[in-house]
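Let's take a quick tour of this one together. Have a look at it first, then read on.

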There are 2 protein chains.
Amino acid sequence: MAQKPSIPKGTRDFNPEQVAKRNYIFNTIRAAFETFGFQPIETPSFENSDTLMGKYGDEGDRLIFKILNSGDYLAKANKEAYEKRDFNKLTASISEKALRYDLTVPFARYVVQHQNEIEFPFKRYQIQPVWRADRPQKGRFREFYQCDADVVGSDSLWQEVEFIQLYDTVFSALKLEGVTIKINNRKILSGIAEVIGASDKLIDFTVALDKLDKIGEEKVKEEMLAKGISEEGISKLQPLFTLSGSFESQIESLKDILNTSEEGKKGIDELDFINKAITELGLKTAALQLDVTLARGLNYYTGAIFEVAAPKSVKMGSIGGGGRYDDLTGIFGMKNVSGVGISFGLDRIYLVLEELGLFPETVNKNVEVLFINFGDKEALFSLKAIKQLRQQGINAELYPDSAKMKKQMNHANKRNIPFVVLVGEEEINSNTYALKNMVSGEQEKVPLETLVATIKKS
Amino acid sequence: MAQKPSIPKGTRDFNPEQVAKRNYIFNTIRAAFETFGFQPIETPSFENSDTLMGKYGDEGDRLIFKILNSGDYLAKANKEAYEKRDFNKLTASISEKALRYDLTVPFARYVVQHQNEIEFPFKRYQIQPVWRADRPQKGRFREFYQCDADVVGSDSLWQEVEFIQLYDTVFSALKLEGVTIKINNRKILSGIAEVIGASDKLIDFTVALDKLDKIGEEKVKEEMLAKGISEEGISKLQPLFTLSGSFESQIESLKDILNTSEEGKKGIDELDFINKAITELGLKTAALQLDVTLARGLNYYTGAIFEVAAPKSVKMGSIGGGGRYDDLTGIFGMKNVSGVGISFGLDRIYLVLEELGLFPETVNKNVEVLFINFGDKEALFSLKAIKQLRQQGINAELYPDSAKMKKQMNHANKRNIPFVVLVGEEEINSNTYALKNMVSGEQEKVPLETLVATIKKS
């Protein structure tokens, strides 16, 4: 029954080193979340299909993994769809559950379902995997973790200020200096669309503007024209294309551009408030930048929009993002709950830390000492010492078989175990341990206390 | 589009307190795993169906959650099965992936797939959720975590010794005193079957014997008779039913009973070796007990069999189990790799700790201090102090809105936040903070350093 084993495309096995590195990132993010007052929740890996379907657009619906009903799932199959072989219609009748597509919709469902137990404003974080039937490519997987922090039940702008500090705290703790936290505001985008007479084309307009970095000014203008935005309107955009300089000077320019739009002015006020607070509080290593072309998830966000760019020395898409949404829980019948949140892109952060060599050397909690096994009597004597070492928090093990010494030493070498202990009859009789430093090659005979102390301080 | 939100049966949401308690158990187990030299791996949530199907028996196959293929899954549907509405045959043609059913088969798949990168003996641990379409009931869920540690590539009995110590270490660290680690050996069971002339009825025999605790001696004998085991054979079992006393005295009795079975004698030697080593090494709080009726997963285990019983004061099934298997990777074409492993039952351990009140009070990392928000100027001043507190690892937050003071104080009370800080104009001018202890009700005006120090030492 031999099979060549493999795993589904877009999924990954993680070896001990990779798990340790991922946990280093998770733990850093988690610690920061907690000092900022966020508390963890977890939701099931699969939700009822109707909780998820229709929440991410048609494309999202297609990318959601559906779970086949258990037992004779055909018994309840939609007859008409079955006869017509209409897979789209058939699905709902043979599949009632689906894998989580993101953490935001399950969070909204959680808030509504548990609203009577929750004390608002509610600051929650959630670090769990999500699944998408996307075409796998470099850095894009079918199973990946999201790390989200959100506050619901308050529309205070201090939350936006806090989230910018949170980004700065996490990336500084990861020693990832030079990230740029880009900020924009949905109201600015609406204001611009209003000013150029394209309020009805807000999405086309922002989709085009979002491409400025990639395709340049001329192409953006062409696309806008093609989408039916007037030449006159586009000419009014000119100042936007050349917007640069400090946050403050951009704010001043925007005040000119948007002076006829109430919504635009509100967006400017919000950005101004946030920027002034951040200037007062200071950031450790990140920079805050106003980017009026930033539009991510426009249909979703209603206020601030965030995106974090890796240091310029690394080619990588955004490593984080988020924003304010004013009616997330509305989809589950709970109105007027404003929320704001951010997310960290674990896989991309991993790639950036790897590329820049920023993982600490100690991240991989390797075994610190291997006891060579010379036979049962020696093994038992060794295990007594190993027990003491473990009680001191030292990762220690006995080679399980009394194999040839060379084989055992090779094992220690291949696993980069820094210390080896050799216990023979002589050591047992004198109640000592021959401790070998595998890096320096030095070997000394020591009592148990010295053994523990030496390994502990190494 | 309002919906009453709910989650699929057999799944759970975890609130912050539950997540914190679960993480306390996970972290305790993880720390012990690591001091014992185990290293973490992670595998994908779903595997190719043919990796899982056929590995857990027919019942297992039915309980595996299958994932519907993406896109037009009917295009590749088995025509004959579709026409005949044969759901069993149809499944394989419309579903290529399935959710992990346990951690053992994915581990075997991992070892075979990565055999060239692995240095054997390989000690790995894995803490991940698994999914089973079981009928949900108290303590049984459709999504639950397994915590497994296994060694592959060595048949040394020192591993069994180590695993018993590992169980003792974990339960002692959890302050769960009085657990019983039951041990048996598949070779003992085979030996007994041989001696009573029922080698061909090994499974029937052990299934019946396994029920001794529940249905008593007479019913067990009746069941054996019904399964075709001879009266004479059953009479030879008599000493087994009365087997009691210390590990050593049971071993002596078994030597009499099994003196004609080579395999039985081998099983006795193994148990004797393990017991003597454990006696020498000592256990902190657990007891090791020989239980010849223990048979769990017989088809699977080939040597030692473990099961951990909660303290007698708690009614609960086993809270851990494991054993040695000699050909796990054989199902994927890699022969002669002996393995031994144990598992911890997270959900049941949780229930036991809850019932006995063993979760530490500090397990829930609550917010330690809430700053009352009296307006933007005060909020900004507060955030400067909050930043300092967080850098000291203190979980601190600002109430986001300048709501009525009573509302804010209520919020602190409801969330059991132990300290509240009030910053008004006077405090800003004097650069101090009014620190209120929510338990004692005491309030004092202090400079920042005192604020930090007071909260830190609380």
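Helices (H or I, at least four residues) and strands (E, at least two) are DSSP runs, numbered from the N terminus. You're looking at a predicted model, where local features need pLDDT of at least 70, side-chain atom pairs count only at pLDDT 80 or more, and totals for chains, interfaces and linings use all residues. Residues are numbered from 1 along each chain as its sequence is written, chains are lettered from A and ligands numbered from 1 in the order in which they are written, and side-chain values use heavy atoms, with hydrogens and water left out.

**The sheet in chain A**
- Five strands make an open sheet with mixed pairing, in the order E13-E12-E14-E15-E16 (chain A); strands pair if DSSP finds at least two bridges between them.
- E13 (396-398) and E16 (443-446) of chain A are the edges: each has a single partner strand, so one side of each lacks a neighbour in the sheet.
- E12 (residues 369-371) and E14 (residues 419-422) of chain A run parallel, joined by three bridges.
- Phe371(A) has Val421(A) in E14(A) as its bridge partner.

**A helix across it**
- Helix H16 (residues 376-391) of chain A lies across E12, E13 and strand E15 (433-437) of chain A, at about 170 degrees to E13(A). Contact means heavy atoms within 4.5 Å; axes are lines fitted to C-alpha atoms, for helices over the stretch in contact, and angles run from 0 to 180 degrees between N-to-C directions.

**Cysteines**
- The whole structure has zero disulfides over all chains (pairs of cysteine sulfur atoms within 2.5 Å).
- Cys147(A) counts as buried because its relative accessibility is 0% (buried means under 20% relative accessible area, exposed over 50%, partly exposed in between; 1.4 Å probe, protein chains only).
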